[in-house]
Amino acid sequence: MDVGELLSFKPEQTPKRPSDFEREDNQNDDDDEHSPEPAARTQPPKKVNRNEQNASARGASVLPVKEPQISEEERLNILKFVETEEPDGEVLDESGLKKMLLLFEKRVLKNQEMRIKFPDNAEKFMESEIELNDAIQELHAVATVPDLYPLLVELNGVASLLDLLSHQNSDISVAVVNLLQELTDVDILHESLDGTETLIEALRNQQAAGLLVQNLERLDESVKEEADGVHNTLAIFENLIEVKSDIAKEVAEQGLLQWIMKRLRAKLPFDGNKLYCSEILSILVQDTNENRITLGNIDGIDVLLQQLAAYKRHDPNSAEEQEFMENLFNSLCSALMAKENREKFLKGEGLQLMNLMLREKKLSRNGSLKVLDHAMAGPDGRDNCNKFVDILGLRTIFPLFMKTPKRSKKRLLSTDEHEEHIVSIIASMLRNCKGSQRQRLLSKFTENDFEKVERLMELHRKYLDKVEAMDREIDQEMRVDDEDEQDDDMLVDYVVLEISCTDVVKQRVLKILNLHNGSMKMIRNVMREYAGNLGDASDSDWREQEQAHILQLIDRF
């Protein structure tokens, strides 16, 4: 076959093939003697084969010829055109906003009048309601110009919008929620500092959080539009808290925490709104102690434990549900930082639930370790520590201490994080347990030829090596100081000092130190530093007692 013929070959377009081939089949039905099938079915494969033969004969060099090429200069011109192209339509200005708000107010009044005149005849006021909804949609343009927010507030636009949250038609309130969500979008708020301050202050003065929560109460999430309204309402709260963290206390006081607890308790299928509720809850109690106390006062600890109990023997069914579970664990950890909630956790049998989760070896094991760490830490964890020993928690925690589970895609805690929580829990029990509970704890370290002492000293060497490597890097100005490794080493050495109160354990510790060229002096120095760093504790009496106790352990060691 001639090369020129190959180059000039062009396959016919696909949409035209059936009709063309059918005509050829009608005209030349007798020409095809080699196939029982019509020409319309045999001819296209032949052309495809010829094309494949052409590509294989000439190689990949055929392809670049067909691709359009542009020069670097043309590319730069296109980019310049895109950057400098004027946007379609006019940009909203002050005059445009005033006209828009005037029309909006007129339609609000008209709708009110029609509803008063014809309260039982929806056909009479429906047209005014549609016009009102259209006016609300037009106000979305304001979100593109946050510098106009002060004018929006000055002309009472925000107040009028918030009044519509109690409109008889939930579609109108949902439309307002969607608009507020866009107005408070974090990326938009960061574009104008003055606009942000003015808008947020107006929302706070108008008690917007309380109005939004009241609107949440009446929305029916079985209707898609209203379920979207719930999601956008939660987004408004998230946006405001991200910009002004102190708003978290206000929105909780105005009923958001109660609504979230009610939503979590509702026997509804898991969905995006339930996940979003858990995220907002985690944000509300993360840094605000008042919200933690409020959560405990409204039986929030029991609600969290009930929700988490579903994952005691079963893993979440999806990645979103796994995130929901993790948010609940994080919320519970934050809540336990308030002293008042430790007792509620104890009475609600939270220790028993966490202990069962550790035994079941499901995904919930990760979160249960963190919760136990928070529940038993510090002087407020004394009752929980003693109770954990009473419910045979030592049988659960020490196998995890001896062997860290292998990390997989489903097991989120790293080896270091797992060891940190386990050592912290043991340290808390040694610090808080008294009497028979303490004796049962200490006896664990003498079992099976001091295997737990061996494991403890292994962790001591591991973290000591990391700290020394980190110190070398700091000296070389390769990295900034990282206190996590130092904290882990201090906790391990604290446990070493506590268990060395018995002579047999102390002898084994010294033997292992000598075997690995370790130093008692190093442990004493680390613990003196640890005692000096207890200054962040809020309870000064406990801090002084703990410092004296550590110094006594150092002298004895």
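Both F398 and F445 are buried, where buried denotes under 20% relative accessible area, exposed over 50%, and partly exposed in between (1.4 Å probe, protein chains only). The structure is a predicted model, in which local features need pLDDT of at least 70 and side-chain atom pairs count only at pLDDT 80 or more, whereas totals for chains, interfaces and linings use all residues. Residues are numbered from 1 along each chain as its sequence is written, and side-chain values use heavy atoms, with hydrogens and water left out.

Aromatic pairs were assigned to rings of Phe, Tyr and Trp (its six-membered ring) with centres within 6.5 Å; planes under 30 degrees apart count as stacked, over 60 as edge-to-face and the rest as tilted. By this rule, four aromatic pairs were found. The ring centres of F398 and F445 lie 5.5 Å apart with the planes at 85°, so this pair is edge-to-face. F398 belongs to helix α25 (residues 394–402), while F445 is in the loop between α27 (435–443) and α28 (447–475), and the pair thus links distant parts of the chain, 47 residues apart. Helices are DSSP runs (H or I, at least four residues) numbered from the N terminus. Ring pairs join F398, F401 and F445 into a cluster.

For Y494 and Y530, the centres are 5.9 Å apart and the planes are at 55°, so the pair is tilted. Y494 lies in helix α29 (residues 483–499) and Y530 in helix α31 (residues 520–532), so the pair ties together parts that are 36 residues apart in sequence. Both tyrosines, Y494 and Y530, are buried. R115 is placed over the face of F125, at 4.2 Å from the ring centre.

The largest nonpolar core comprises 143 residues, and those with the most contacts inside it include L332, F345 and M354. Such a core is a set of buried Ala, Val, Leu, Ile, Met, Phe, Trp, Tyr and Cys residues joined through side-chain atoms within 4.5 Å. Beyond its neighbours within four places in sequence, M354 is in contact with residues including L305, F329, L332 and F345, contact meaning heavy atoms within 4.5 Å.

The structure holds zero disulfides, a disulfide being a pair of cysteine sulfur atoms within 2.5 Å. For C433, the nearest cysteine sulfur, that of C385, is 5.2 Å away. C433 counts as buried because its relative accessibility is 0%.

Key
Helix = DSSP H or I, 4+ residues; strand = E, 2+ residues; numbered from the N terminus. Lys NZ or Arg CZ within 6 Å of the ring centre and 35° of its normal.
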